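Here is a short tour of a protein model and the ligands that sit in it. Please have the sequence and the structure open as you read.

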Amino acid sequence: MKISFADPKLPKSGTLVVGVLEGRKLAASAAVLDKESNGALVSAMTATRFSGKKEETLTVPAPRGLFFDRVVLLGLGKPAGLTPVQVQRLGGALVPALNAVGASSASVAVDKIPGTRLAPGDAAANLAYGAMLRSYRFDKYRTREKPEQKPTLTELTILTASAASARRAYGPLESIAAGVFFTRDLVSEPPNIIFPESLARETKSLEKLGVKVEIFDEKQMKKLGMGALIGVGQGSSRPPRLVVMDYRGNPRGKDKAPVAFIGKGVTFDTGGISLKPAQGMEEMKWDMAGAGVVIGLMKALAGRKAKVNAIGVVGLVENMPDGNAQRPSDIVHTMSGQTVEVLNTDAEGRLVLADALWYCQDRFKPQFMVNLATLTGAIVVALGHEYAGMFSNNDQLASRLAAAGKAVEEPLWRMPMGEAYDRQIDSDAADVKNIGNGRDAGSITAAQFLQRFVNDVPWAHLDIAGTAWSKKDAPLVPKGATAFGVRLLDQLVESHYEGR
Ligand code: BES
Ligand code: MN
Ligand code: ZN
């Protein structure tokens, strides 16, 4: 979608969006049009249940006395404490409303609303950003769609008295949206298109933004001793890869140690020899969402030239059963030196992350590590699709993450960890086993497993199994791949780790 910002001269034709406060109170531009049309907007409101609640919309087709195709009323709710993300949601709400009436372009009058703390330029930029995020659609394989099934909206012009500052504020937001879209694309692609080698190849596109990209093949990983990661991939004809993305946006900062993000990239998870049931197995194409988020995040940070040094590490494998696949009871050697008894080949994500996490802290000595993974079905049982589970060995990092998640509406719920859970993954045959006892506390025992590979580094694990994919539309996230984590971690970096 093409976004532009212009001075607040109301157009006379086409599609115009104007704001209405809760209680049917017209904002300035709406009041002007209502007057010019002899009350057409107010009569339209009174003929419906539209009351100006936030994110409500009402389309008034061809209002009498005006030359517009339609005027869309956008409910602003009570604008008093309007936050950036709430303004983004307003922009998001516009997209389906404009598509529903077949508008290909629209102008949005962003008036100054008394009582809002947001600067007008920021409000305009966030409205545009929200619309952008919602406009995403993965339709490249839908070759026989009829025109009337396709979305129409391609162009949005934001009218504001602060066009220049809005443009400035929108720059970085546009880069974050590009990162989000990259993640959504990678996660949406089917597993015959995105597999370890091809996903690794995709990361190369970050080089033009100044990110150094290194791709390790199986031989190099063997040399590093990554027996756990390699073991997961050994039943697949597609060889594994490890990708290291290195972005140095703050080379002279006094705190040069990078921050680090690590992602689980299982490009398809059949479960391996501990095979999953057929029902729902197709969902395991998005078992690389953690890696997808890390890749999109690196794109966002580099794209907006964030003043931070950031490392992204993704472990890419396909978990398949074949004559060479690992067996339940195999024992593998991890890079850390610890041995793992693999009792269930479907608990593979933690094996991939064990080597990726160890490698990352060993090589980069980061300030912190945050890993993302669609790690356990148990986190979906616990938290559903609203919150992602957070596990951490560091209270400061955990509270910063929680605050960032709240701000961008990618919320995290911190889960407990501890010695008693850790005992569950002691193995009789090796140093650690890859599952706990039965299903008890399945997400926590998975986190305990990861913690054995982070050394003393401040660390958090985000279990995004319930939030990486959505079956319903939300204001900023159309159904499908959500890219949950990109906006959150960008916000974390922006709030605490830039330019020092
Ligand atoms: N990728 C799955 C977890 C998952 C489940 C993600 C549902 C998204 C939706 C993971 O590799 C897995 O299979 N976990 C097992 C662990 C168990 C064998 C200890 C699980 O959750 O059942
Ligand atoms: Mn699995
Ligand atoms: Zn998995």
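## Around ligand 1

A backbone N or O atom of Leu-375 lies 3.4 Å from a nitrogen atom of ligand 1. Gly-377 also takes part through its backbone, with an N or O atom 2.7 Å from an oxygen atom of ligand 1. From Asp-269 it is a polar side-chain atom that lies 2.9 Å from an oxygen atom of ligand 1. Of the 520 Å² of accessible area that ligand 1 has on its own, the protein covers 76% (areas by the Shrake-Rupley method with a 1.4 Å probe; for residues, only the protein chains shown count as cover).

In total, 16 residues surround ligand 1 (a residue counts if one of its heavy atoms lies within 4 Å), and the closest are Lys-276, Asp-287, Asp-346, Glu-348 and Gly-377.

## How to read the model

This is a predicted model, in which local features need pLDDT of at least 70 and side-chain atom pairs count only at pLDDT 80 or more, while totals for chains, interfaces and linings use all residues. Residues are numbered from 1 along each chain as its sequence is written, chains are lettered from A and ligands numbered from 1 in the order in which they are written, and side-chain values use heavy atoms, with hydrogens and water left out.

## The zinc site

Which residues coordinate the zinc ion (ligand 3)? They are Lys-264 (NZ), Asp-269 (OD), Asp-287 (OD) and Glu-348 (OE), at 2.0 to 2.4 Å. Donors here are N, O and S atoms within 2.8 Å of the metal (3.2 Å for Na, K and Ca), and sites may look incomplete because water is not among the atoms. The arrangement is octahedral because the six donor atoms around the zinc ion (ligand 3) subtend angles of 78 to 174°; for six donors, that term asks for opposite donors over 155 degrees apart and all others between 65 and 115.

The donor residues follow the spacing K-x4-D-x17-D-x60-E in sequence. Lys-264 lies in strand S10 (residues 259-269) and Glu-348 in the loop between strand S13 (339-342) and helix H10 (349-364), so the pair ties together parts that are 84 residues apart in sequence. Helices (H or I, at least four residues) and strands (E, at least two) are DSSP runs, numbered from the N terminus. Lys-264 is buried at 2% relative accessibility, and Glu-348 is buried at 1% (buried means under 20% relative accessible area, exposed over 50%, partly exposed in between, with a 1.4 Å probe and protein chains only).

Asp-269 coordinates both the zinc ion (ligand 3) and the manganese ion (ligand 2), which are 3.2 Å apart.

## Salt bridges

The model has 29 salt bridges, each a side-chain nitrogen of Lys or Arg within 4 Å of a carboxyl oxygen of Asp or Glu. Asp-269 is buried, with a relative accessible area of 3%, whereas Lys-276 is partly exposed at 22%.

Arg-142 and Glu-145 form another salt bridge, with their closest N and O atoms 3.2 Å apart. Arg-142 is partly exposed at 47% relative accessibility, while Glu-145 is buried at 11%.

Arg-423 pairs with Asp-426 in a salt bridge at 2.7 Å between the closest N and O atoms. Both residues belong to a network of salt bridges that also links Glu-419, Asp-422 and Arg-452.

Conventions. Four donors count as tetrahedral if all angles lie between 85 and 135 degrees; four count as square planar and six as octahedral if opposite donors are over 155 degrees apart and all others between 65 and 115; anything else is irregular. A polar contact is a pair of N or O atoms within 3.5 Å; within protein, one must be able to donate a hydrogen and the other to accept it, and residues adjacent in sequence count only if both atoms are side-chain atoms.
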